[in-house]
Amino acid sequence: MHESGFVLHDSGKLRVITFHERKEWTSRELLNKEVTLPYFDFKPDESFYIDGKPPRYRSYNLRTFEDIPQVKELSEDIRFAIRVVGNVLPFKVNNYVIEELIDWDNIPEDPMFQLTFPQKTMLKPHHFDKMAAVLEKGGSKQEITETANEIRMQLNPHPAGQKDENTPQLGCETLSGMQHKYQETALFFPSQGQTCHAYCTFCFRWPQFVGIDELKFAMKESELLVAYLKEHPEVTDVLFTGGDPMIMKSRVLASYIEPLLEADLPNLQNIRIGTKGLAYWPYKFVTDKDADEMLNLFQKVSESGKHLALMGHYSHPVELETDIHKEAAKRVRATGAQIRTQSPLLRHINDSSDVWADMWREQVNQGMIPYYMFVVRDTGARHHFDIPLQEAWKIFRGAYKQVSGIARTVRGPSMSAGPGKVHVLGVSDISGEKVLTLQFLQGRNPDWNGRPFFAKYNKDAVWLDDLEPAFGEKEFFFEKEYRKKLKEDANGDSNGHSNGHANGSSGTGKSRKTESSKPVNVRKILEDVN
């Protein structure tokens with residue numbers, strides 16, 4: 001396989017080596033832009049094909065998982081548990097995960113099996129028994145659905161106020177397919193991207209996949225996104241999320257991204273795409289029919305002057321080990337895009353300093369940037385995965401000590417809680433009191449960012465809500481303001497913007513873009529966009 005590059009021949013012609021073919025043009029032709037280079041137009045190594053054909057994606061769900069040959073070898077107890085839990089929490093796996101990532105000689109302990117197949121203890125005993133009883137008696141589809149929904153509503157389907165506190169407005173219109181929690185970053189949920197190549201059992205966005213419309217975030221109109229960014233110059237970053245935007249065909253993703261480029265928004269600097277696609281279906285970037293077209297879209301973003309970052313979700317080093325993954329990561333990076341990596345710390349999957357150190361080292365070896373270690377969110381099957389904060393810090397520190405400085409771009413452990421991203425800095429002894437030292441990496445009010453605060457040491461605490469202020473304080477420094485913001489939002493006093501940071505301001509309750517409370521004319525904005 002050839003790398004793209006240039007070789008100057010004695011003939012005076014510049015040979016342009018593309019991945020697919022070799023062509024020769026004079027340097028004058030190139031300088032005059034008379035030549036369009038097919039940046040990604042090549043046939044990958046034959047080893048990535050099966051009988052000369054690209055691998056075909058095949059998914060399995062609750063209805064079809066027992067067709068998987070390896071599953072047929074599992075005990076009835078394990079298969080029944082999958083059926084019970086899979087009727088409450090979403091379940092989908094694919095042939096790549098099954099054939100390349102799971103060690104079927106190590107079931108049920110295998111980390112990738114735990115990551116993708118429902119386990120009995122992912123429901124609390126009384127919830128498991130309730131659904132099991134319905135299935136054992138042959139309950140109707142309606143009875144199963146009603147039981148599942150009753151359980152789901154007890155699993156905190158929208159943690160950290162993501163539905164009530166983070167959904168913005170444009171004029172009088174609620175943008176149900178967006179979230180705007182932090183001043184600089186807006187999240188966009190493209191409606192065609194609200195599924196994944198496979199589902200992670202810990203996923204905090206599990207409500208997107210269980211068929212309850214009122215629990216979903218999704219939006220079709222890219223024009224509204226452009227309009228919102230024009231009205232909010234404080235936003236520098238757009239994060240496409242889901243689900244997984246990389247489930248979409250390249251032309252569909254382009255229909256969302258290209259309007260951002262064409263709008264020439266001076267405030268927009270960074271476009272991010274949250275994805276597990278590199279880990280769960282790397283063929284998307286190598287052998288799928290539109291792989292080159294997708295990579296050309298990435299290059300187009302880079303050439304526009306915007307920074308493109310794929311926020312790659314990796315939970316275990318095994319996801320990085322296959323040759324097809326290494327090729328996919330190489331191709332993505334060659335477009336000018338960066339790959340930043342993140343994952344929660346998960347009991348049964350990656351609760352080891354050595355695992356994280358190995359993962360960060362391999363990510364760096366493949367040109368990626370370790371970014372976040374998260375604390376698993378307080379939703380869904382959290383009780384199966386959670387780890388006390390003090391233990392999480394020890395695991396992070398143990399891994400951090402093992403890697404070189406180039407991998408120490410990572411931050412964590414971090415809780416994405418209601419007030420913001422709270423970083424556990426460590427356990428300290430201050431004036432004879434044992435405390436947890438914390439800070440905001442991102443706060444609903446930017447003035448909170450980077451400000452240390454202290455909580456009483458609690459060896460069992462797994463979330464911010466479990467902590468109490470240290471040194472006799474009645475509450476943490478941010479709590480009074482946070483309550484005020486929530487009250488303002490509930491009363492509609494946030495200048496037409498329903499997120500918790502009050503229109504992107506620094507806690508003033510006024511928009512950075514305007515001091516006026518005059519309603520926004522959405523129709524006029526859309527006409528301007530078009």
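Is Tyr400 buried, partly exposed or exposed? Tyr400 is partly exposed, because its relative accessible area is 27%, where buried means under 20% relative accessible area, exposed means over 50%, and partly exposed lies in between, computed with a 1.4 Å probe and protein chains only. The model is a predicted one, in which local features need pLDDT of at least 70 and side-chain atom pairs count only at pLDDT 80 or more, while totals for chains, interfaces and linings use all residues. Residues are numbered from 1 along each chain as its sequence is written, and side-chain values use heavy atoms, with hydrogens and water left out.

**The chain as a whole**

The chain contains 17 helices and 18 strands, which are DSSP runs numbered from the N terminus, with helices being H or I of at least four residues and strands E of at least two. Of its 530 residues, 56% count as buried. Among the contacts in the chain with a separation of 6 or more, 69% are made by residues 24 or more positions apart, a contact meaning heavy atoms within 4.5 Å.

**Strand 14 and its neighbours**

Strand 14, which covers residues 369–375, is mostly covered, with six of its seven residues buried. Strand 13 (residues 338–345) pairs with strand 14 in the parallel sense over six bridges, and two strands are said to pair if DSSP finds at least two bridges between them. Within this pairing, Thr341 has Pro370 in strand 14 as its bridge partner. Between strand 13 and strand 14 the chain passes through helix 13 (residues 353–365), and this β-α-β crossover is right-handed, a term for a path from the first strand over the helix to the second that runs clockwise when the strands point away from the viewer. Strand 14 also runs parallel to strand 15 (residues 411–416), to which two bridges join it, and Tyr372 stands opposite Arg411 in strand 15.

**Helix 15**

Leu389 lies in helix 15 and is buried, with a relative accessible area of 1%. Not counting residues up to four places away in sequence, Leu389 touches Val375, Met415, Val424, Ala461, Val462, Trp463 and Leu467. Leu389 and Trp463 are 74 residues apart along the chain, yet their C-alpha atoms are separated by 7.2 Å.

Phe396 counts as buried because its relative accessibility is 9%. Phe396 and Tyr400 are four residues apart in helix 15, so about one helical turn separates them.

**Aromatic rings**

The structure holds 29 aromatic pairs, where rings of Phe, Tyr and Trp (its six-membered ring) pair if their centres lie within 6.5 Å, and planes under 30 degrees apart count as stacked, over 60 as edge-to-face and the rest as tilted. Two of these pairs are set out here.

| Pair | Centre distance | Angle of planes | Class |
|---|---|---|---|
| Phe396 and Tyr400 | 5.3 Å | 25 degrees | stacked |
| Phe440 and Trp448 | 5.4 Å | 40 degrees | tilted |

Phe440 and Trp448 are both buried, and they belong to one aromatic cluster together with Phe453, Phe476, Phe477 and Phe478. Two charges also sit over rings, a term that requires NZ of Lys or CZ of Arg within 6 Å of the ring centre and within 35 degrees of the ring normal. Arg408 lies over the face of Tyr400 at 5.0 Å from the ring centre, and Arg451 lies over the face of Phe477 at 4.0 Å from the ring centre.

**Strand 18**

Strand 18 pairs with strand 17 (residues 433–443) in the antiparallel sense over five bridges, and the bridge partner of Val435 in strand 18 is Lys456.
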